[in-house]
Amino acid sequence: MALNRVIHICKGATVDVLNLLIEDHRTVEALFDKIETTDNPRLMQQYFAQIAQELTLHAAGEEEAFYPAVGQFASTANLVRESYEEHAEVKRLINDISFLQPTAPLYRERIAQLRAALAHHIEEEEGELFPRVAEHFSEQQCLELGDQVLQTKKEAKQRLLGMGV
Ligand SMILES: [Fe+2]
Ligand SMILES: [Fe+2]
């Protein structure tokens, strides 16, 4: 099954889009494990900054390259529309947390909310959207789309760094 494909790497740059996005999901989950198991406010701030950056770049890759490419089918249109809404909710929570100190009483609660919102979204992507994409797209298309997502993430990172974030 397509979701179990090994990661395809050609000339160090070409990656199967589904594996690329799944890898991003695991990276963010690992950062949540870290932020949830430390009491050090400086580390919490550092992990949150990493989570926010990872999610910003991942969302740019999905919203600007992946979703527009995969949302045109009857079986994917609704899921993609919902995904944009779920991303908006995640961004709203990230914004809320960015105004809180890690020592604030609400901080852990907001982090838990963010993680839960993400878990729901990731479950939908990996459990419903990605398998449908794998049905519609050839391996070659998945590789090309992987390149496009990587390129989009790179551009988003330059924008972010340009803003001094
Ligand atoms: Fe995703
Ligand atoms: Fe997403």
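Leu150 counts as partly exposed because 17 C-beta neighbours lie inside 10 Å; a residue is buried if 20 or more other C-beta atoms lie within 10 Å of its own, exposed if 12 or fewer, and partly exposed in between, with C-beta atoms placed from the backbone. This residue is found in helix α5, where helices (H or I, at least four residues) and strands (E, at least two) are DSSP runs, numbered from the N terminus. The model is predicted: local features need pLDDT of at least 70, side-chain atom pairs count only at pLDDT 80 or more, and totals for chains, interfaces and linings use all residues. Residues are numbered from 1 along each chain as its sequence is written, while chains are lettered from A and ligands numbered from 1 in the order in which they are written.

Helix α1 (residues 17–36) and helix α5 (residues 139–162) have axes that come within 7 Å and cross at roughly 45°. Such axes are lines fitted to C-alpha atoms, for helices over the stretch in contact, and angles run from 0 to 180 degrees between N-to-C directions. From α1, the residues Val17, Leu18 and Leu20 meet Cys142, Leu145, Gly146, Val149 and Leu150 of α5. Two residues are in contact if their C-beta atoms, placed from the backbone, lie within 7 Å. Seven residues of this α1 and α5 contact are nonpolar, one is polar and none is charged. In this division Ala, Val, Leu, Ile, Met, Phe, Trp, Tyr, Cys and Pro count as nonpolar, Asp, Glu, Lys and Arg as charged, and the others, Gly among them, as polar.

Tyr67 is 83 residues from Leu150 in sequence and 14 Å from it in space, C-alpha to C-alpha. Tyr67 is found in helix α2 and is partly exposed, with 19 other C-beta atoms within 10 Å. Neighbours within four places aside, Tyr67 is in contact with Glu62, Val80, Ser83 and Tyr84. Its C-alpha atom and that of Ser83 are separated by 8.6 Å, at 16 residues apart along the chain.

In helix α3 lies Leu79, partly exposed with 19 other C-beta atoms within 10 Å. Leu79 touches Glu124, Glu128 and Leu129, not counting residues up to four places away in sequence. Ala88 is also in helix α3 and counts as exposed, with 12 C-beta neighbours inside 10 Å.

What lies in the interior? A nonpolar core is a set of buried Ala, Val, Leu, Ile, Met, Phe, Trp, Tyr and Cys residues joined through C-beta atoms within 7 Å. The largest has 16 residues, of which Ile35, Tyr47, Phe48, Ile51, Leu55 and Leu114 touch the most other members. Two or more residues come from each of α1, α2 (41–70), α3 (77–98) and α4 (107–136), and α2 gives the most, with nine residues. Another core, of 15 residues, lies apart from it and includes Phe66, Val80, Leu129 and Leu145.

The UniProt record, an unreviewed entry, places the feature "domain: Hemerythrin-like" at residues 18–133. That span is 84% helix and 0% strand, and its end C-alpha atoms lie 9 Å apart.

Technical notes. UniProt positions are given in the numbering used here, feature names are shortened, and annotations may be inferred rather than shown by experiment.
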